[in-house]
Amino acid sequence: MPTSPGSSRASGGKRVSDALAGIAPSATLAVDAKAKALRAAGENVIGFGAGEPDFPTPEHIVDAAVAACRDSANHRYSPAGGQPALKAALAAKTKRDSGLDWDASQFLVTNGGKQAVYNTMAALVDPGDEVLLLAPYWTTYPEAIRVFGGVPVEVFAGIESGFQVSVDQLEAARTDRTKALLFVSPSNPTGAVYPRDEIVAIGEWAIEHGLWVITDEIYEHLTYGDAEHHSLPVLVPEVADRCVVLNGVAKTYAMTGWRVGWMAGPPDVIAAATNLQSHSTSNVCNVAQAAALAAVSGDLEAVTMMRAAFDVRRQRITEMLNAIEGVECPEPEGAFYAFPNMEGLLVRRFGGVEVTTTMELAAAVLEHAKVAFVPGEAFGAPGYARFSFALGLDDLAEGISRIADLVA
């Protein structure tokens, strides 16, 4: 209905919807952008911010994309839910890697993992629905829940429990408004990997209470030592009818910029999410889909090489962080993040300014040591910090040494 010239809307009322005004910016991307801007200005900044492998995309994947560029079929629209060949390859890859045997029709190819998260929340969450969110959490999760009117309910597990939430904690947080659990292992930001028996217990608890389970498996291939990734719907098959699995090529194949992810789940949920995507973005770039097809259809040789490099860096950064008085850092079992407790470095002065939070500490370290990391506040964990170790060993050692020298 048109508004009169004198109405509050016409005279400068709110211009942005509540849903979008309430979304916090991505802290990880903001830190990465600031570090890159400082480098562009000539500063020697070392960045531990972005969760991005420093390796190039494997050559055979790039070759597949180049060939796809020259195929005129890829110059046209394709099915909104993904190229049939890629969906079939995703089903085969998922069965190979995790043992989850779902039909290709149960997969939706998305513009990166983030669109898979948003599609899933759009399909499952109604206003007022509560989603249990394991904390510390990836920064995008709560924003995706809120934008559809959902309520993220944080269930926190700190360093003393290995960043692993228990069934008792989940039950204490459950209400009659609880719709779903968002489960992640290996974890961003903590690197925690849940053991098999705990995953089974959580899955059985979700079935008992009729909850949906959304499980993000994008770090499935990045585990170290004795830690192993287990897919929840494989260990607890009864959950399959109320489960959505999220994944993507970004981390495993060093393809963050290609923007290809996927969601897999029950046919009715996938149909609804596909319908949404047909009206929002339509198909994912055909060339990127061809690259993803080459990635998931190929062997894991490049993945094995990258994981071995990450493992060396993981041990080095843990050792160096723990050598700083006031820092406690458990050795991460998965992904490529260290998540130390930094509370011992607070209530100090840097450049004449007292630092009392890890947000302020991150700003001080960037200003005085030219090192960028993401403060724990971004992950629902004040007092902690996330350091990506997806960077070369020399830069890693130099960056942590600068912090050690600053706080000494």
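**Exercise 1. Locate Ser187 and determine whether Ser187 is buried or exposed.**

Solution. Step 1: Ser187 lies in the loop that links strand E5 (178–184) to helix H8 (196–208). Helices (H or I, at least four residues) and strands (E, at least two) are DSSP runs, numbered from the N terminus. The model is a predicted one, in which local features need pLDDT of at least 70 and side-chain atom pairs count only at pLDDT 80 or more, while totals for chains, interfaces and linings use all residues. Residues are numbered from 1 along each chain as its sequence is written, and side-chain values use heavy atoms, with hydrogens and water left out.

Step 2: The relative accessible area of Ser187 is 7%, so Ser187 is buried. The term buried means under 20% relative accessible area, exposed means over 50%, and partly exposed lies in between (1.4 Å probe, protein chains only).

Step 3: The side chains of Ser187 and Thr190 are joined by a polar contact of 3.0 Å. A polar contact is a pair of N or O atoms within 3.5 Å; within protein, one must be able to donate a hydrogen and the other to accept it, and residues adjacent in sequence count only if both atoms are side-chain atoms.

Step 4: Neighbours within four places in sequence left aside, Ser187 is in contact (heavy atoms within 4.5 Å) with Ala192, Ala335 and Tyr337.

**Exercise 2. State in which order the 7 strands of the open sheet stand, and which strands stand at its edges.**

Solution. Step 1: The order is E2-E8-E7-E6-E5-E3-E4, with mixed pairing. Two strands pair if DSSP finds at least two bridges between them.

Step 2: Strand E2 (107–110) and strand E4 (151–156) are at the edges; each has a single partner strand, so one side of each lacks a neighbour in the sheet.

Step 3: On average, neighbouring strands of this sheet are turned by 20° against each other, direction ignored. Axes are lines fitted to C-alpha atoms, for helices over the stretch in contact, and angles run from 0 to 180 degrees between N-to-C directions.

Step 4: Helix H4 (residues 84–98) packs on the sheet and touches E2, E7 and E8, its direction making about 110° with that of E2.

**Exercise 3. Describe how strand E6 is paired with E5 and how E6 is enclosed.**

Solution. Step 1: E5 and E6 run parallel and are joined by 5 bridges. Phe183 stands opposite Thr215 in E6.

Step 2: In strand E6 (residues 212–216), 5 of the 5 residues are buried, so the strand is largely enclosed by the rest of the structure.

Step 3: In a regular strand the side chains alternate between the two faces of the sheet. Both faces of E6 are covered, with Trp212, Ile214 and Asp216 buried on one side and Val213 and Thr215 buried on the other.

**Exercise 4. Determine how helices H13 and H14 cross and which residues make the contact.**

Solution. Step 1: The axes of helix H13 (residues 358–369) and helix H14 (residues 393–407) come within 10 Å and cross at roughly 100°.

Step 2: H13 is therefore roughly perpendicular to H14. Angles under 35 degrees count as roughly parallel, over 145 as roughly antiparallel, 65 to 115 as roughly perpendicular and the rest as oblique.

Step 3: Ala364, Val365, His368 and Ala369 of H13 meet Arg402, Ile403 and Leu406 of H14.
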